[in-house]
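Dear colleague,

Please find the structure we discussed below, with its sequence. My notes on it follow.

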Amino acid sequence: MKLYLNECGIVCALGDSHEQVKRALFAGQSGIAPTDAWSPGRVLPLGRVLSALPDDAALPLGQRSRNNRLALAALAQIRAAVDAAVLRYGAGRIGIVIGTSTSGIAETEAALHAHFKGAPLPAGFHYAQQEMGSPAAMLARELNVSGPAYAHSSACASGAKALASAARLIRMGLCDAVITGGVDTLCGFTVAGFSALESVSAARCNPLSANREGINIGEGAALFLMTREPAAVALCGWGEASDGHHMSAPDPAGSGARLAITEALTRAGIDATQIDYINLHGTATIQNDAMESRVVHDLFGAQVPVSSTKGFTGHALGAAAALEAALIWLAMQDDNPEGLLPPHLWDGVPDPALPALNVAAPGARLGRPLDWALSNSFAFGGSNATLILGRTR
């Protein structure tokens, strides 16, 4: 059974529409910019969403957060199709599965900041704003649907796991349509946390480079309407694995990553030679890039084009995998007959310790439509996920 990604809504540092995002992506224009908004006194390059977001005043207090406003912005782009699916299938047959890691922590930070100065907790604060399930509950309320609604919070693999779970809900017969993807918000907690791990770069991230120094954190949302109704792009395969090597470091041998990739290929019913493009997890940390490049080279060789798109959006953590799937979805549409590929932004200085890969430069294209793409997401705690998207027409 193929599960089709009928519609896609995306908002990230590149823009808040298909046109804006594609224009910046294929032109090689990063959305990352310097700011000290989440690290006072220390300017860092971050993937910040600057678009105006929907008002959340109509939501219950416990669901008012920037995270949920980002989700509403992505939903607005696909709302007509979602509403039509609700009418077609019925409210009880619509599911919601969202990946996130921050939820409303930014609102908690602001409230506690005021409280520690001696003020009472603000009237606009409610502890439920930081609950991980908040985006799913909010979307279910907004759409007035009553199917399964829940969130995945498995760090950087959250968005990919959400899409895999959505596919399972349809395959099991529990849902006819699922709104799925990921949303995450910049906040001081994550910026400080990754800084404490010495994983944050003071310059734009530089995946695969000998000069890489770490990640740029970002934010954004990507939501898909997934059904059995045929569309241009399908989720054809997914693989999940947990190696549990370390709390934050990947297994250097890439055992879990390798298992996730091979499981995705098997589920899609294709072999490695059929993949046209790989979207790397590509965080620009020393250990991730070393592990991933070795696994990719072992399984795919040095011919298939690869790129990390985190130099465009920043690493959006719980939303990262969904955002990267959305970039692939855009590249697979009919308006890209030459198969322009999401390019790799870096300084062009390969790390000699890593196996050579076919890095997609700005303007790289297949000369035909992009038919098969694989996207990796490798998270803290050894939570690994791989998605395979296929063009169906």
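Two strands are said to pair if DSSP finds at least two bridges between them. Helices (H or I, at least four residues) and strands (E, at least two) are DSSP runs, numbered from the N terminus. The model is predicted, so to speak of local features requires a pLDDT of at least 70 and side-chain atom pairs count only at pLDDT 80 or more, while totals for chains, interfaces and linings use all residues. Residues are numbered from 1 along each chain as its sequence is written, and side-chain values use heavy atoms, with hydrogens and water left out.

Eleven strands form an open sheet with mixed pairing, in the order 5-4-6-7-1-8-13-12-9-10-11. Strand 5 (149-152) and strand 11 (358-359) stand at the edges with a single partner strand each, so one side of each has no neighbour in the sheet.

Strand 6 (residues 177-184) is mostly covered, with eight of its eight residues buried (under 20% relative accessible area, with a 1.4 Å probe and protein chains only). Ala177, Ile179, Gly181 and Val183 point one way from strand 6, and Val178, Thr180, Gly182 and Asp184 point the other way. Six bridges pair strand 6 with strand 4 (residues 94-99) in the parallel sense; here isoleucine 94 stands opposite alanine 177. Strand 6 and strand 7 (residues 220-227) run antiparallel and are joined by eight bridges, with methionine 226 in strand 7 as the bridge partner of valine 178.

Strand 8 (residues 233-242) pairs with strand 13 (residues 383-391) in the antiparallel sense over nine bridges. Leucine 387 in strand 13 is the bridge partner of tryptophan 238.

The cores

A nonpolar core is a set of buried Ala, Val, Leu, Ile, Met, Phe, Trp, Tyr and Cys residues joined through side-chain atoms within 4.5 Å. The largest has 64 residues, and those with the most contacts inside it are Ile217, Phe224, Met226, Leu235, Leu387 and Leu389. Helix 10 gives the largest share of this core, ten residues. A second, separate core of 30 residues includes Ile78, Ala85, Ile94 and Ala136.

A helix pair

The axes (lines fitted to C-alpha atoms over the stretch in contact, with angles from 0 to 180 degrees between N-to-C directions) of helix 1 (residues 18-27) and helix 10 (residues 320-331) come within 11 Å and cross at roughly 90°. The two helices are therefore roughly perpendicular to each other (65 to 115 degrees).

Kind regards

How values were computed
Angles under 35 degrees count as roughly parallel, over 145 as roughly antiparallel, 65 to 115 as roughly perpendicular and the rest as oblique. Buried means under 20% relative accessible area, exposed over 50%, partly exposed in between (1.4 Å probe, protein chains only).
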